[in-house]
Amino acid sequence: MTSDLAALDGEGWWAVVVDYEGKVTCARFDRVRRSPLPAPAAPWHGPRPGQWVSSLDQAAYERGVRAIRDYIEQGEVYQANLCRILTAPVRGTPTRSPWRPGWRPATPPRTRPSSTSPA
């Protein structure tokens with residue numbers, strides 16, 4: 001592990017984290033093995049296009065864009081993201097999903113950071 005970004009020019013597989021204050025942590029892994037995802041029990045068919053509902057209609061979205069442009073013009077911000085939430089009904093519950101609460105991998109991760117950084 002190192003905080004020197006020049007180490008990334010070396011060989012190996014790296015994971016890099018930069019925190020909010022700008023502190024850099026680079027971790028080189030000795031070895032990385034691919035671990036395929038389990039095959040789904042059955043194909044999943046999501047909601048039909050017409051079932052999706054937006055948290056903003058077109059008028060609300062356009063008001064948001066105008067407000068952001070006003071803030072930029074006033075010098076309050078130089079960049080902003082206007083987001084909306086899309087929702088739709090879903091049938092069933094995924095049984096093998098890393099995003100399901102309480103999900104844990106069947107086996108431990110197969111990577112190990114190296115204890116030394118390259119010279």
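At 47% relative accessibility, Arg84 counts as partly exposed. The model is predicted.

**Around Arg84**

Arg84 sits in the loop between H1 and E4. Which residues does Arg84 contact, leaving aside its neighbours within four places in sequence? They are Ser54, Ser55 and Leu56. The link to Ser54 includes a polar contact between the two side chains, at 3.3 Å. Ser55 is 29 residues away from Arg84 along the chain, yet their C-alpha atoms are separated by 5.6 Å.

The loop between helix H1 (58-73) and strand E4 (86-87) also holds Ala80. Ala80 has a relative accessible area of 37%, so this residue is partly exposed. From C-alpha to C-alpha, Ala80 and Val65 are 9.5 Å apart. In sequence, 15 residues separate Ala80 from Val65.

**The whole chain**

Now step back to the overall plan. The chain has one helix and five strands. Read from the N terminus, the order is β-β-β-α-β-β. The chain counts 119 residues, and 12% of them are buried. The accessible surface comes to about 10700 Å². Carbon and sulfur atoms account for 55% of that surface.

**An aromatic pair**

How many aromatic pairs does the chain have? The count comes to one. Trp13 and Phe29 form this pair, and the geometry is edge-to-face. The ring centres are 5.0 Å apart, with 75 degrees between the planes. The angle is over 60 degrees, so the pair counts as edge-to-face. Trp13 belongs to strand E1, while Phe29 belongs to strand E2 (residues 24-32), so the pair ties together parts that are 16 residues apart in sequence.

Are the two partners buried or partly exposed? Trp13 is partly exposed, because its relative accessible area of 46% lies between the cut-offs of 20% and 50%. Phe29 is buried, because its 14% relative accessibility is under 20%.

Next comes the start of the chain. Thr2 lies in the segment before E1. At 19% relative accessibility, Thr2 falls under the 20% cut-off, so Thr2 counts as buried. A polar atom of the Thr2 side chain lies 3.0 Å from the backbone nitrogen of Asp4.

Leu5 is also in the segment before strand E1 (13-18). With 46% relative accessibility, Leu5 is partly exposed.

**Accessibility side by side**

| Residue | Relative accessibility | Class |
|---|---|---|
| Thr2 | 19% | buried |
| Leu5 | 46% | partly exposed |
| Trp13 | 46% | partly exposed |
| Phe29 | 14% | buried |
| Ala80 | 37% | partly exposed |
| Arg84 | 47% | partly exposed |

Technical notes
Residues are numbered from 1 along each chain as its sequence is written. This is a predicted model: local features need pLDDT of at least 70, side-chain atom pairs count only at pLDDT 80 or more; totals for chains, interfaces and linings use all residues. Side-chain values use heavy atoms; hydrogens and water are left out. Helices (H or I, at least four residues) and strands (E, at least two) are DSSP runs, numbered from the N terminus. Buried means under 20% relative accessible area, exposed over 50%, partly exposed in between (1.4 Å probe, protein chains only). Accessible areas come from the Shrake-Rupley method with a 1.4 Å probe; for residues, only the protein chains shown count as cover. Rings of Phe, Tyr and Trp (its six-membered ring) pair if their centres lie within 6.5 Å; planes under 30 degrees apart count as stacked, over 60 as edge-to-face and the rest as tilted. A polar contact is a pair of N or O atoms within 3.5 Å; within protein, one must be able to donate a hydrogen and the other to accept it, and residues adjacent in sequence count only if both atoms are side-chain atoms. Contact means heavy atoms within 4.5 Å.
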